[in-house]
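This report goes through selected features of one structure, strand by strand and helix by helix. Please keep the sequence and the 3D view open while reading.

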Amino acid sequence: MKSRSQLYALVSILLIIGLGLTLYKYFVLGFTLTPGGTEKVWQIQARIHFDADGGPVKVSMTLPEQDVARKSIFSENISEDYRFNIVEEDGLRKGVWSRSDASNVQTIYARADFYQQGTPELKAPEPEAYAYGTLEGPKEMAGKELLLKAREKSTTELTMVIELLGLMNEESKNPSVRALLDSVQYRREHMEQVARVLAIDGIHAEVVRGLRLQGKYTQRSISTFIMVYAEKKWVLLDPNALAEIPMDEILLWPTDTRSLLDVFGGKNSRIDFSVSSTQMSAGQLAVESGQQSGSALVDFSIYSLPIRQQNTFKLLLLIPIGALVVVILRNLVGIRTSGTFMPILIALTFMSTTLLLGLMLFLVVVGVGLVMRSYLSHLNLLLVPRIAAVLVFVIIIFAAIGIISHKLGWESGLTITFFPMIILAWTIERMSVLWEEEGPREVLIQGGGSLLTASLAYLVMINPTVEHLTFNFPELLLVLLAIIIMIGSYSGFRLLELGRFEPMTRD
Amino acid sequence: MFRITTPAKLKEAGVVGMNKRNVALIAKNNPRRLYPRVDDKLMTKRITEGTDIAVPAMIGVARTQYHVKQLGEFLAEHKEFVIKPSKGSGGKGILVITGRDGDDFIKPSGSRVTLKELEHHVSNTLSGLYSLGGKPDVAMIEELVEFSSVFDGFSHEGVPDIRVILYHGYPIMAMTRLSTRESDGKANLHQGAVGLGLDISTGRTLKAVQHGQPVVNHPDTGKDLSELSVPHWELLLTLASSCYEVTEMGYLGADIVIDKNRGPLLLELNARPGLAIQIANGMGMQPRLSVIESQRDVQRKPEERVAYAMEVFSKKS
């Protein structure tokens with residue numbers, strides 16, 4: 001009984017560690033238990049050009065606003081010649097690149113990935129004062145006139161604002177617009193004037209600047225937008241396209257009159273951005289944020305491996321699941337299989353061929369192989385040469401299936417190559433011996449059992465939730481181990497024995 | 001057709017399942033290192049030498065290809081013999097010779113085997129053609145058993161052997177498997193052979209079962225199956241029981257044949273005997289295992305163990 005308590009202790013330890021780590025990752029690190037949807041991740045690359053004077057250089061760029069909803073999961077400084085750090089300056093976050101000496105044309109790259117979590121709340125729900133003051137005198141008159149004109153052509157407050165933006169874009173056509181914009185030089189001032197006109201009508205507006213996140217663009221620049229409090233909510237408007245922009249399609253920079261980019265020790269500085277987006281699974285995002293915050297559990301995990309190796313491990317981590325299915329079917333159900341873990345390898349093959357096609361190919365190869373092998377048994381060959389001969393048969397069958405299906409235009413037949421040849425050769429050999437010794441019935445039982453096990457293992461292994469869990473929570477392997485150990489110590493009846501021994505309970 | 005019962009009912013019937021057999025009977029009572037004693041028939045033969053355990057007499061062993069060349073000379077005086085692989089399984093590679101015609105050998109079916117063919121067969125055996133996992137093997141040449149006529153009419157083909165299950169040297173259950181046309185002459189219960197449970201106390205038929213269903217007559221010969229009474233029963237059980245001392249295995253199956261002249265002979269031992277014997281006996285083995293469990297502290301000789309078992313395991317328990 002001592003080994004029994006040892007077993008329970010071991011199982012409990014495994015369960016505690018496995019489940020503990022899983023729950024920690026779930027609650028603290030924000031891993032999800034289900035694969036969930038994918039999130040859109042914006043990859044933004046800033047490129048700064050300037051002509052260096054030949055001495056020390058310091059470049060500082062205002063960084064985009066940080067907010068709760070939008071998370072930066074990754075940022076890096078690609079320009080290795082420069083020292084990079086982030087500083088707070090007068091309440092603004094700035095990225096600062098510096099170098100002791102630089103000459104000629106310099107280019108600095110910086111990259112950051114952003115993703116949206118929920119809908120951003122960028123402004124206080126209720127506006128208080130007008131941000132830019134009000135108009136007076138003739139300008140007020142011109143504003144009123146424009147408002148009247150805009151109102152004629154629109155039905156709602158929002159369409160009126162858009163109409164007004166359109167009117168004020170056409171400076172040359174309208175004397176009122178010219179009056180309003182006579183001293184305006186920058187787009188920003190233009191928008192502030194629009195905001196003042198709106199204030200006449202009691203509409204709050206604010207000028208913001210940001211980077212439009214849309215499609216895939218290179219050489220974008222930060223532009224000016226206007227936010228309007230219309231119909232009891234803040235709406236972001238593109239003054240050029242005269243359209244509403246969803247809040248999650250813009251990356252805002254702090255509203256500040258100071259310049260975005262300052263270069264000391266250089267001139268002719270320009271900045272442009274390229275924007276692109278990718279889909280990333282929610283789980284992947286949790287990992288990347290975890291790496292960003294330096295969690296040791298994430299850092300010392302499979303995620304620290306290169307992507308290619310990660311994919312290999314993704315497959316490897318599914319094998320224990322297949323093993324569990326085999327253990328359950330053999331020891332709890334009582335299904336007989338040919339070769340203990342052969343079904344797992346077949347299931348792995350099914351993952352690249354799909355189930356139905358895989359079953360068909362398997363039956364064809366093993367069937368043809370058995371016919372060929374039956375001839376070999378007349379020759380009384382020794383074991384190893386015999387299996388080697390069967391292996392050659394298998395390759396010939398592979399090639400035949402591949403060529404025939406290709407000629408027939410049935411390309412999926414080529415997936416035959418995913419089958420493990422050695423395993424198939426052994427399966428054919430074993431089935432053939434079984435046929436001779438125990439008869440075709442036993443071959444059907446064990447072959448059918450193997451295929452049933454392989455199919456079930458396959459169905460479990462392709463389940464997205466299972467794949468997600470094994471990959472994102474490798475510590476669940478310990479839980480799996482605990483379950484397998486528990487089943488290993490199970491000495492009760494198997495499911496099929498309830499039928500096998502049934503006659504004995506009849507009296 | 002397919003009926004199913006509950007684990008509780010099976011437990012009540014004392015049935016031992018595969019998981020329990022593997023853990024509680026085999027893993028606990030049969031240490032791995034002892035397996036060669038039963039898996040290698042030559043080793044089994046060697047450990048029974050000098051004991052009371054009767055086995056078919058050895059004529060010789062072919063160990064090397066050099067021995068193969070000498071076979072013709074070596075077998076010159078022998079008319080009847082059996083050649084079998086030492087590590088064979090499932091009856092593969094067993095060659096039975098029942099007569100001579102000049103240099104040729106005659107099989108029971110009447111067909112001829114030339115010396116060349118016989119040499120080839122032995123040579124194949126040595127290189128592992130019939131052994132488990134293809135390991136190199138040796139070929140044993142044994143005297144032919146002259147089967148007692150007691151089984152005449154009880155079997156479709158071949159002569160059945162008697163399987164005795166020993167738990168710590170006590171015979172707890174016995175059966176014989178009778179081949180049928182359906183089982184293609186094979187003594188395999190799930191292929192349709194008849195399983196005949198034998199009463200430990202008498203050696204008479206306890207129950208006859210085919211496909212789990214009780215049968216009265218042999219399906220091919222029509223023989224009344226309840227008529228079987230195995231001769232030399234106590235001697236046979238003692239022979240089986242003595243194997244405990246030489247193998248030291250707690251859970252053991254002994255396959256025994258009855259020779260017309262020499263009586264019961266040990267054919268082979270099995271360290272992983274199956275559970276179908278419960279169906280053939282129509283009872284679970286757990287109650288009997290428990291009885292023996294309670295006798296573990298008592299030191300008994302094989303004869304005493306057999307006497308004890310024959311007394312306690314009469315039909316009803």
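Strand β13 of chain B, residues 251–259, pairs with strand β14 of chain B, residues 263–270, through seven bridges in the antiparallel sense. The model described here is a predicted one.

In chain B, seven strands form an open sheet, and their order is β12-β11-β10-β9-β8-β13-β14. The pairing in this sheet is antiparallel. The edges are taken by β12 and β14 of chain B; each has a single partner strand, so one side of each has no neighbour in the sheet. As a general point, the strands of a sheet pair through backbone hydrogen bonds, and the pairing is either parallel or antiparallel.

At the other end of the strand order, β11(B) has two partners to follow. Strand β10 of chain B, residues 194–198, runs antiparallel to β11(B) and is joined to β11(B) by four bridges. Two of the opposite positions can be named: B:Leu196 faces B:Ala208 of β11(B), and B:Gly197 faces B:Lys207 of β11(B). The hairpin of β10(B) and β11(B) has six residues between the strands, and B:Gly203 in this hairpin takes a positive phi near 80 degrees.

On to the next pairing: β11(B) and strand β12 of chain B, residues 213–214, are antiparallel and share two bridges. Here B:Gln210 stands opposite B:Gln213 of β12(B). The hairpin of β11(B) and β12(B) has two residues between the strands, and B:His211 in the turn has a positive phi of about 50 degrees. Strand β11 of chain B, residues 205–210, is mostly covered, with six of its six residues buried.

| Strand pair | Bridges | Sense |
|---|---|---|
| β13(B) and β14(B) | seven bridges | antiparallel |
| β10(B) and β11(B) | four bridges | antiparallel |
| β11(B) and β12(B) | two bridges | antiparallel |

Helix α5 of chain B, residues 65–74, packs against helix α6 of chain B, residues 115–126, at an angle of about 155 degrees, and their axes are 9 Å apart. How do α5(B) and α6(B) run relative to each other? Angles over 145 degrees count as roughly antiparallel, and α5(B) and α6(B) are therefore roughly antiparallel to each other. Their crossing is right-handed. On the side of α5(B), the contact is made by B:Gln65, B:Val68, B:Leu71 and B:Gly72. On the side of α6(B), the residues are B:Leu115, B:Leu118, B:Glu119, B:Val122, B:Ser123 and B:Leu126. By class, this contact of α5(B) with α6(B) has six nonpolar, three polar and one charged residues.

The loop between β1 (58–62) and α5 of chain B holds B:Arg63. Is B:Arg63 buried or partly exposed? B:Arg63 has 15 C-beta neighbours inside 10 Å and so counts as partly exposed. The C-alpha atoms of B:Arg63 and B:Thr125 are separated by 9.7 Å, although the two residues are 62 residues apart along the chain.

Chain A comes next. Its secondary structure comes to 17 helices and 14 strands. Chain A has 507 residues, of which 30% count as buried. Among the contacts in chain A with a separation of 6 or more, 75% are between residues 24 or more positions apart.

One sheet of chain A is open and has four strands in the order β4-β5-β2-β13, with antiparallel pairing. Strands β4 (83–89) and β13 (261–264) of chain A stand at the edges with a single partner strand each, so one side of each is left without a neighbour in the sheet. From one strand to the next, the twist averages 20 degrees. Strand β2 of chain A, residues 57–62, runs antiparallel to β13(A), and four bridges join the two. The bridge partner of A:Met61 in β13(A) is A:Leu261.

Finally, the two chains touch. The contact takes 33 residues from chain B and 23 residues from chain A. On the side of chain B that touches chain A, the elements giving two or more residues are α1 (7–12), α2 (18–29) and α8 (276–281) of chain B. The largest share of that side, five residues, comes from α2(B). The residues on this side of chain B divide into twelve nonpolar, 16 polar and five charged.

Technical notes: Residues are numbered from 1 along each chain as its sequence is written. Chains are lettered from A and ligands numbered from 1 in the order in which they are written. This is a predicted model: local features need pLDDT of at least 70, side-chain atom pairs count only at pLDDT 80 or more; totals for chains, interfaces and linings use all residues. Axes are lines fitted to C-alpha atoms, for helices over the stretch in contact, and angles run from 0 to 180 degrees between N-to-C directions. Angles under 35 degrees count as roughly parallel, over 145 as roughly antiparallel, 65 to 115 as roughly perpendicular and the rest as oblique. A crossing is left-handed if the near helix is turned anticlockwise from the far one by less than a right angle, and right-handed if clockwise. Two residues are in contact if their C-beta atoms, placed from the backbone, lie within 7 Å. Ala, Val, Leu, Ile, Met, Phe, Trp, Tyr, Cys and Pro count as nonpolar, Asp, Glu, Lys and Arg as charged, and the others, Gly among them, as polar. Two strands pair if DSSP finds at least two bridges between them. A residue is buried if 20 or more other C-beta atoms lie within 10 Å of its own, exposed if 12 or fewer, and partly exposed in between; C-beta atoms are placed from the backbone.
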